[in-house]
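I opened the file today and kept short notes as I went. Here is what I looked up.

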Amino acid sequence: AGARIESRIDACLCVLGPDGCVLADDQDHIGLDPFVDLTLPADGRYIIRLFDVIYAGSADYGYRLTLHDGPHLDGIVPAAAPPGGAMTFTLMGRNLGGEPAPDLLVGGVPLERKMITIVPPVDLEPDPAAPALDLLLSSAAGRRGFEFRLPSASGLSNPVFIAEAIDPVLLEREPNDDTHAQEIPLPCDVSGTFGAPGDRDVYRFAGRKGDVWWIEVSAERPASPAAR
């Protein structure tokens with residue numbers, strides 16, 4: 001964690017195995033911060049190398065290095081929910097204790113799916129003194145909703161954000177491309193994902209002359225990689 005703790009570092013992370021060969025490396029996974037997920041191939045001594053992308057450094061280039069075998073959340077569907085009512089969510093990530101999802105790959109690593117029930121809090125007004133569990137970027141300062149962490153015997157996962165929905169929540173349904181547009185009723189709140197490079201989602205709704213609708217997409221605010 002560098003950018004997430006307001007450091008100037010643009011970190012690169014590299015893990016070497018007992019034989020000295022590179023097992024995994026990464027630069028920008030969580031914003032500008034690196035993240036690797038690996039299964040150790042053998043007993044032995046492993047080396048972690050961490051450095052700035054241009055090898056810069058000063059007192060402003062601090063970082064936090066975390067090693068854990070607990071759950072890591074890559075996403076949640078739906079990504080929005082009305083306050084106060086129990087809903088079923090699908091978690092996507094690693095070490096969840098869920099079902100393998102070979103169709104979901106992040107950095108070449110297959111993820112897991114886990115179905116859970118979450119009851120969003122009735123009051124979704126952010127706490128001015130503690131608006132987020134991690135660093136909250138200025139682009140996300142106006143968001144409304146709550147953050148969820150999955151508990152486990154190895155500790156809590158990283159947080160995922162679930163936005164407040166004021167209209168019925170719909171899920172993206174594939175295929176929904178140019179030739180298979182997904183019909184949606186208005187008003188609604190759609191929760192979707194770009195599941196593969198080049199993915200494009202198309203929605204169709206019935207409109208009447210003179211109607212005025214507010215159509216908005218949130219990606220950067222909940223810190224989705226889709227914003228990049």
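Entry 1: Is Phe 51 buried, partly exposed or exposed? I am working on a predicted model, so I note that before anything else. I looked up Phe 51 and found a relative accessible area of 28%, so I logged Phe 51 as partly exposed. Tyr 55 comes out as exposed, at 63%.

I then searched for aromatic pairs. The structure holds 1. That pair is Phe 51 with Tyr 55: the ring centres are 5.1 Å apart and the planes sit at 5°. Planes under 30 degrees apart count as stacked, so I filed this pair as stacked.

**Entry 2: Ser 7.** I went to the segment before strand 1 (11–16), where Ser 7 has its place. How accessible is Ser 7? I read 14% relative accessibility, and buried means under 20%, so Ser 7 goes down as buried.

Next I checked what the side chain of Ser 7 reaches. I found the backbone oxygen of Gly 62 at 2.6 Å. I also found the backbone nitrogen of Ile 9 at 3.2 Å. Then I listed the contacts of Ser 7, leaving aside neighbours within four places in sequence. They are Gly 2, Asp 60, Tyr 61 and Gly 62.

**Entry 3: strand 4.** I looked at residues 72–77, which form strand 4. This strand is mostly covered, with 5 of its 6 residues buried. Which way does strand 4 pair with strand 6? I found antiparallel pairing over 5 bridges, with strand 6 spanning residues 87–94. Within this pairing I noted Val 77, which stands opposite Thr 90 of strand 6.

Entry 4: I traced an open sheet of 3 strands and wrote down the order 5-10-9. The pairing is mixed. Strand 5 (80–81) and strand 9 (145–148) are the edge strands, each pairing on one side only. Strand 5 and strand 10 (residues 160–164) run parallel, joined by 2 bridges. I noted Ala 80 opposite Ala 163 there.

**Entry 5: Ala 163.** I stayed with this residue of strand 10. Its relative accessible area is 22%, so I recorded Ala 163 as partly exposed. Which residues does Ala 163 contact, leaving aside neighbours within four places in sequence? My list reads Ala 79, Ala 80, Ala 81, Arg 144 and Gly 145. Last, I took one C-alpha separation: Ala 163 to Arg 221 is 10.0 Å, and the two are 58 residues apart along the chain.

Methods. Residues are numbered from 1 along each chain as its sequence is written. This is a predicted model: local features need pLDDT of at least 70, side-chain atom pairs count only at pLDDT 80 or more; totals for chains, interfaces and linings use all residues. Side-chain values use heavy atoms; hydrogens and water are left out. Buried means under 20% relative accessible area, exposed over 50%, partly exposed in between (1.4 Å probe, protein chains only). Helices (H or I, at least four residues) and strands (E, at least two) are DSSP runs, numbered from the N terminus. Two strands pair if DSSP finds at least two bridges between them. Contact means heavy atoms within 4.5 Å. Rings of Phe, Tyr and Trp (its six-membered ring) pair if their centres lie within 6.5 Å; planes under 30 degrees apart count as stacked, over 60 as edge-to-face and the rest as tilted. A polar contact is a pair of N or O atoms within 3.5 Å; within protein, one must be able to donate a hydrogen and the other to accept it, and residues adjacent in sequence count only if both atoms are side-chain atoms.
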